[in-house]
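Please take me through this model in the viewer, one selection at a time. Say what to select and what is found there.

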Amino acid sequence: MKLRIFVTLKPGVLDPQGRAIHHALGSLGFEGVEDVRAGKMFELEVADSTTDEAIDGMCRQLLANTVIENFRVERA
Amino acid sequence: MKTAVIVFPGSNCDRDLAVALEAVTGVKPMMVWHADTELPQGIGFVAVPGGFSYGDYLRSGAIAARSPIMRAVVEQAGRGLPVFGVCNGFQVLTEAGLLPGALMRNAGLNFVCRDVALTVDNAQTAFTSRYDAGETLSVPVAHHDGNYFADAETLDRLEGEGRVAFRYGEAVNGSARNIAGIVNTAGNVLGMMPHPERKIETAHGGTDGRRLFEGVLETVGA
């Protein structure tokens with residue numbers, strides 16, 4: 001089973017990298033970009049028997065720092 | 001008393017800490033490899049050094065915080081062992097859950113490497129007893145991810161409980177409430193971004209960092 005795990009900064013957490021990317025898009029002449037938030041995406045190949053609980057554990061214990069980040073799991 | 005410095009792949013301030021600890025205690029610290037599962041017997045003080053453990057992969061300090069030796073450090077810290085994390089070591093301690101909050105990319109996005117003004121916020125912690133409250137020190141920083149973040153409730157609690165040991169006396173990295181170093185609830189764990197181990201001898205351009213080690217090592221009976 002393939003998983004895609006998206007890790008994004010929580011709303012309200014400042015994202016200086018996203019702001020720099022936003023600025024660079026403006027420098028390239030792209031107009032109308034209201035905001036940019038940078039995040040991470042992990043692709044995992046896991047055994048079909050992997051439980052939701054285990055996937056949640058992987059996210060909470062390592063892939064995301066839940067002090068500052070949210071995560072979302074997609075099953076491919 | 002024996003002291004220990006944890007060494008991860010990518011640590012680069014472990015020897016600075018070892019020199020500082022030997023200068024203060026007169027005894028070379030034990031260098032403990034990340035893959036070890038136990039701290040050596042009789043260790044009374046553990047330092048987690050700066051650097052780029054595991055290449056800062058995933059998040060600064062994230063992989064190191066899950067290494068075998070950190071399980072032992074977390075367990076011993078829970079029993080009151082003094083633990084000091086500097087720079088990447090601070091990031092490791094937050095990722096390991098020993099200290100609240102997180103260290104994010106500097107607000108200005110630049111790697112900041114210079115001496116900064118550091119104010120002693122609470123001089124009654126085990127680590128700051130040789131300083132005066134409100135005293136301003138000059139201590140170097142060298143980091144890319146030093147922007148301290150915690151939610152407002154946590155920040156209020158840290159301040160209310162006197163757990164902010166050090167604050168920046170100037171704008172450095174965007175840290176919430178200019179927090180540069182905090183202790184845990186029990187007061188036996190300190191994490192800070194600036195490098196006191198780099199201000200130990202006059203040849204370093206100052207000795208403002210030395211009293212941190214003298215104070216905490218005296219407290220634990222070095």
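The tour covers one whole chain and then a single residue; the model is predicted.

**Stop 1: chain A, as a cartoon.** Select chain A and colour by secondary structure. Read from the N terminus, their order is β-α-β-α-β. The radius of gyration of chain A is 16 Å, whereas the globule rule gives 11 Å for 76 residues, so chain A is more spread out than a compact globule. Turn to the principal axes: the C-alpha trace of chain A spans about 50 × 25 × 15 Å along them.

**Stop 2: chain A, contacts and surface.** Keep chain A selected. Among its contacts with a separation of 6 or more, 68% join residues 24 or more positions apart. Of the 76 residues in chain A, 28% count as buried.

**Stop 3: chain A, charges.** Select the charged side chains of chain A. There are 9 positive and 12 negative ones, and the centres of the two sets are 3 Å apart.

**Stop 4: B:His34.** Move to chain B and select B:His34, in the loop between β2 (30-33) and β3 (43-48). Is B:His34 buried or exposed? Its relative accessibility is 13%, and buried means under 20%, so B:His34 counts as buried.

Conventions. Residues are numbered from 1 along each chain as its sequence is written. Chains are lettered from A and ligands numbered from 1 in the order in which they are written. This is a predicted model: local features need pLDDT of at least 70, side-chain atom pairs count only at pLDDT 80 or more; totals for chains, interfaces and linings use all residues. Side-chain values use heavy atoms; hydrogens and water are left out. Helices (H or I, at least four residues) and strands (E, at least two) are DSSP runs, numbered from the N terminus. Buried means under 20% relative accessible area, exposed over 50%, partly exposed in between (1.4 Å probe, protein chains only). The radius of gyration is taken over C-alpha atoms; the globule rule is 2.2 Å times the number of residues to the power 0.38. Contact means heavy atoms within 4.5 Å. Lys and Arg count as positive and Asp and Glu as negative; His and the chain ends are not counted. The place of a charge is taken as NZ of Lys, CZ of Arg, CG of Asp or CD of Glu.
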